[in-house]
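Subject: Structure handover

Hello,

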Amino acid sequence: MSLRRFTVGAAVAALCALTVPAQADTVDTPPGRITVEVVGVNGSGCPQGTAGVTAASDNTSFSVTYSNYLAQAGAGSGGTEFRKNCQLALQIHVPQGFTYAIARADYRGFAHLQRGAYGQQRASYYFQGMPQTARTTHQFGGPYSDDWQASDRTEYQDLVFAPCGEERNLNVNSELRVYAGTSNPQALSFMSMDSTDGSVSTVYHFEWKECPAAADAA
């Protein structure tokens, strides 16, 4: 059965966000190697030790994997099991003279939703000390039992870049919700974004710019 997907929100940049001056040059990827450090983890969807982050070797993206991220409803599920969330604070170290924005985020997982039940995947991300981007929501309706995927893409003119010459945490927030709706309350519905072997991950894609000072010195 085909996936039913409804985009309730769209990824947009925050109003009044600090942007890189127009003279900064776009680049495919910076030289050297970026690193991503997890400096904070909080949320019922990512208990300590169940979330990992890996930067792509070509500097195009980084991936987040979870091993205990599952929301469920029905069949005796606890009152708080219908909602799981994860908040990650990441320190992304980039080569000097370059800055980045998040251009696209791809989310994947598995869902088993009874007829009449539905699930939601929500997300947002923003730089420390800067206005938060709008939250996006993707909704999936039952009956459905298969892999699910959702993507958020920001138009180039709306990208929010990290301030040049500063290291600010990138805050990545995600959430899963499952509602029993009109389904049989004794039947289980769930939605996951986890993988015990690392094969399922959330991928955040970079857009890069060369900072003005570095461009002028070239």
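Two strands are taken to pair if DSSP finds at least two bridges between them. Strands are DSSP runs (E, at least two residues), numbered from the N terminus. This is a predicted model, in which local features need pLDDT of at least 70 and side-chain atom pairs count only at pLDDT 80 or more, while totals for chains, interfaces and linings use all residues. Residues are numbered from 1 along each chain as its sequence is written, and side-chain values use heavy atoms, with hydrogens and water left out.

Strand S8 (residues 98-113) runs antiparallel to strand S13 (residues 189-192), with three bridges joining them; histidine 112 is opposite phenylalanine 190 there. Strand S11 (residues 144-153) is also antiparallel to S8 and is joined to it by 10 bridges, with glycine 109 partnered by tryptophan 148. Eight bridges link S8 to antiparallel strand S14 (residues 202-210), where aspartate 106 faces valine 203.

Of the 16 residues of S8, 12 are buried, so the strand is largely enclosed by the rest of the structure. Buried means under 20% relative accessible area (1.4 Å probe, protein chains only).

S8 also contributes three residues to the lining of the largest pocket, the most of any element. A pocket is an open set of points on a 1 Å grid over the protein atoms alone, where a 1.4 Å probe fits, with protein on both sides within 12 Å along at least five of seven lines; lining residues have an atom within 4 Å of a point. The largest pocket has 19 lining residues, and those nearest its centre are Val94, Phe98, Pro163, Gly165 and Glu166.

Regards

Notes
Buried < 20%, exposed > 50% of the residue type's maximum accessible area, 1.4 Å probe, protein only. Helix = DSSP H or I, 4+ residues; strand = E, 2+ residues; numbered from the N terminus.
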